[in-house]
Amino acid sequence: MSSLAAEFERALDPAAIFTGAGMAADPWQAGVLRSSHPRQLLLCSRQSGKSTTVASLAVHSALYDPGLVLLFAPAQRQSTELFKKVSAFYRALPDVPTPVAVTETKMELPNGSRIIALPGSEATTRGYSAPRLILVDEASRTEEALYGALRPMLATTSTQLDQGRMLCLSTPWGKRGWFYEQWAHGGDRWQRTKITAHDCPRISAEWLAEERKLVGDFIFRQEYLCEFVDTEEQLFPTELIERAVRPAGGPLWQ
Ligand SMILES: Nc1ncnc2c1ncn2[C@@H]1O[C@H](COP(=O)(O)OP(=O)(O)O)[C@@H](O)[C@H]1O
Ligand SMILES: [Mg+2]
């Protein structure tokens, strides 16, 4: 393919960023990347390729939808990891402009796009406005206030058609927190994708069976089967607590 044709294909199809890096997107990854839905929740097994997916989306967005791309994770170390995947994808593309500036957490392109990795705290969102794309990795473990701070940022991107996008990706972490709430009760404002380890072509059944013995049932169901299982530390199961605090469920003890 000529470089112009490759460039054209890439502009039209975000999944082509994978090709540039010598990989092929799994069908579910391509589905996430090609979706035009402004709000996506990805509930995916450990090692399924969720961070890789959104890293390629960050590159596509910065190239073809100029503006601000913000990467969040529970801690700076983790969003910096995601940023590494972003810059690896970018560097693998043969015919893209040289970044104006690159650090370990930030890249700026000649078209004005900036990709910035931040820790997942409400305070760090303050200096930024109207992002084109927000990515929240390991979202179930980010603080409650982060989601509250991010939603209005997207709303300021004006019209329905031109609003910024948000993708939140995670393994589950108990029936609590904003990611769980949005997954379970967030209604149809989200497009949801659930990928267990069994759905991932790179994770073999033999390896999984071995891992199950190693990590135990609880962790296995959470990290590989994507179940919102109750935390081990929790004294009562979440359903019981919910029944006690939610009026509709009636009192816990008569
Ligand atoms: N479509 C793909 N083809 C080949 N390797 C992939 C693909 N998607 C992800 N990977 C690889 O799988 C591993 C796990 O991916 P990662 O995105 O870190 O998973 P997760 O964030 O879900 O734990 C990485 O080594 C990554 O390069
Ligand atoms: Mg990851």
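A polar atom of the Ser 48 side chain lies 2.8 Å from the backbone oxygen of Ser 45. The model in which this pair occurs is a predicted one. Ser 48 itself belongs to the loop that runs between β1 (39–44) and α4. Its relative accessibility is 0%, and Ser 48 therefore counts as buried, the limit for this class being under 20%. When residues up to four places away in sequence are left out, Ser 48 touches Asp 26, Trp 28, Gln 29, Ile 195, Cys 200 and Arg 202.

Helix α4, which covers residues 50–64, packs against helix α1, which covers residues 3–12. Two packed helices are described by the angle between their axes and the distance between the axes. For α1 and α4 the angle is about 105° and the axes are 10 Å apart. The two helices are therefore roughly perpendicular to each other, since angles of 65 to 115 degrees fall in that class. On the α1 side, the contact is made by Glu 7, Arg 10 and Ala 11, and on the α4 side by His 60, Leu 63 and Tyr 64. Sorted by class, these residues comprise three nonpolar, two charged and one polar.

The protein chain as a whole contains nine helices and eight strands. It has 254 residues, of which 46% count as buried. Its accessible surface is about 12,500 Å², and carbon and sulfur atoms account for 56% of this area. Among contacts between residues at least 6 apart in sequence, 70% join residues at least 24 apart.

Key
Residues numbered from 1 in each chain as written. Chains lettered and ligands numbered in written order. Predicted model: local features only at pLDDT ≥ 70, side-chain atom pairs only at ≥ 80, totals over all residues. Heavy atoms only, no water. Axes fitted to C-alpha atoms, helices over the stretch in contact; angles between N-to-C directions. Helix = DSSP H or I, 4+ residues; strand = E, 2+ residues; numbered from the N terminus. Parallel < 35°, antiparallel > 145°, perpendicular 65-115°, else oblique. Contact = heavy atoms within 4.5 Å. Nonpolar A, V, L, I, M, F, W, Y, C, P; charged D, E, K, R; others polar. Buried < 20%, exposed > 50% of the residue type's maximum accessible area, 1.4 Å probe, protein only. Areas by Shrake-Rupley, 256 points an atom, 1.4 Å probe, with all protein chains shown as cover. Polar contact = N/O pair within 3.5 Å; in protein donor to acceptor, adjacent residues only side chain to side chain.
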